[in-house]
Amino acid sequence: MLDNEFIMKTYGRLPVTFIKGSGAYLFDVNGKKYLDFLSGLGVTGLGHSNQGIAEAVCKQMNQLVHVSNLYSTEPQQILAKKLSEISLGGKVFFANSGAEANEAAIKLARKHGKLKLNGAYEIITALNSFHGRTLATLAATAQPEKQKSFLPMPEGFKYVDFNDISAIKKALNKNTCAIMLETIQGEGGINVADVEYLAEVKEICTQNGVLFIIDEVQTGIGRTGEWFSIKHFGIKPNAITTAKGLANGLPIGALIADENTSTIFEPGDHASTFGGGPVICAAAIKTLEQIESNAILENVKKTGTYFDKKLNGLIEKKLAKSIKGVGLMKALTLAKENAADIMQNCMENGLLLNNVKSDTLRFLPPLIIGEQEVDLAVDIIETSIKKEGL
Ligand SMILES: *Cc1c(COP(=O)(O)O)cnc(C)c1O
């Protein structure tokens, strides 16, 4: 592997090189087959080597690749309309990643503060959140461990305990322009927000005229069994961001705001050279089409419930402690802090998952899996837990 020589060590990278994928499976250079229960961190929801998406991308590649956002293109128009219809009914800004979508949301919130709240600029975020690795989104990410080598952070962020409404009330002041939360903290360990908590946050935002922003970068595009998790939790924020699963593996990010909030940005306020290009939008349009025509949201609900049942079997056998998450965004809390060892062992046995915390395994399988894949995965997990000891 040339990694050690030529790749900066920003990741604790695992010693495997993949060369192809098909559906829920990946193959490494040695021809070994793996069941992929991580989907490239919640990205390839419709599976590897998706034929329909490959064809849509090739067709667009041969027709028009790039013109910049000084001009309009049809794929961007079609995708924006669809995203608006399945979310907040407003308008869209296209970026190239989750962090960039959140960066746009942060700027939107600051401009809202300038226009409507006498220059208020503070954004309240939750401890253990994850919003990205650029400086502003890292400042929004309330995890001191990730920030410490890069201090000072850009100012204007205030951190509160997740799921604690009194902490929000205490943190809110005349400088607050927005509250930004995940409905389910993904990188933080699959921590699910309480329905009442989010409803109360929404109420507080409405009363104080501050924006309510939900980061759906990981929870969006069917991951929880709804287009966006806000439907699952019954809330309507002013804006959401999305990215990971939107183009089944190609880089895209989007900020979607409701009709009123969409008008905050004016020409010159924000931009992206590549954002919302024709090829990426063609991939995203096809992704959304397939989710609809193949009843993927229903499958996520059904398979998610079955996955719960199977994981519960491990708890009954005292092999694990608890299950967290919604739909196909799940985690299993172990009896010991040996998640890294179990992840390694699962990989050796042909199952990819992720140790999101020292005692927690995270699963973000493709949205297309069924009972067969769940059975296989849970069998491998059971074997690995037994081998690593309780
Ligand atoms: C992954 C993630 C991001 C960052 O997305 P990138 O595409 O890696 O920049 C932001 N927010 C949440 C909730 C995420 O899971």
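**Aromatic contacts and their surroundings**

Analyst: F37 and F307 are both buried. Please keep in mind as we go that this is a predicted model. The structure has four aromatic pairs. In the one formed by F37 and F307, the ring centres are 5.6 Å apart and the planes stand at 90°, so the pair is edge-to-face. F37 belongs to the loop between β3 (33-36) and α2 (39-42), while F307 belongs to helix α13 (residues 296-316), so the contact ties together parts that are 270 residues apart in sequence.

Rings take part in another kind of contact here, with lysines. The charged end of K20 sits over the ring of F27, 5.2 Å from the ring centre. K33 lies over the face of Y25, with a distance of 4.4 Å to the ring centre.

Three cavities of 30 Å³ or more are found in the structure. The largest cavity has a volume of about 70 Å³. Its lining consists of 13 residues, and G42, G45, I221, G245 and L367 are the ones nearest its centre. By type, the lining of the largest cavity divides into five nonpolar residues, seven polar and one charged. The second largest cavity has a volume of about 60 Å³. It too has 13 lining residues, with S68, N69, G275, G276 and G277 nearest the centre. Its lining has four nonpolar residues, nine polar and no charged.

The largest share, four residues, comes from β4. The lining of this pocket is made up of 11 nonpolar residues, 10 polar and three charged.

Helix α15 (residues 371-388) has 18 residues and should span 26 Å at 1.5 Å a residue; its end C-alpha atoms are 26 Å apart, which agrees. Buried residues of α15 are E373, V374, A377, V378, I380, I381, E382, S384 and I385, so two glutamates, E373 and E382, are in that buried set under the cut-off of 20% relative accessible area. After α15 comes G389, with a positive phi near 85°.

Positive phi also turns up away from glycine. N163, which is not a glycine, has a positive phi of about 65°. It is placed in the loop between β6 (157-160) and α8 (165-171). With a relative accessible area of 26%, N163 is partly exposed. N248 is not a glycine either, and its phi is positive at about 55°. This residue lies in the loop between β11 (239-242) and β12. N248 counts as buried, at 11% relative accessibility.

L151 and P152 are joined by a cis peptide bond, with omega about 0°. P152 is in the loop between α7 (144-147) and β6 (157-160).

Note on methods
Residues numbered from 1 in each chain as written. Predicted model: local features only at pLDDT ≥ 70, side-chain atom pairs only at ≥ 80, totals over all residues. Heavy atoms only, no water. Nonpolar A, V, L, I, M, F, W, Y, C, P; charged D, E, K, R; others polar. Phe/Tyr/Trp six-rings, centres within 6.5 Å; stacked < 30°, edge-to-face > 60°. Buried < 20%, exposed > 50% of the residue type's maximum accessible area, 1.4 Å probe, protein only. Lys NZ or Arg CZ within 6 Å of the ring centre and 35° of its normal. 1 Å grid on protein atoms, 1.4 Å probe; cavity = no way out; pocket = protein on both sides within 12 Å on 5 of 7 lines; lining within 4 Å. Points joined across faces, edges and corners; volume = space filled by probe spheres on them. Expected span 1.5 Å × (residues − 1).
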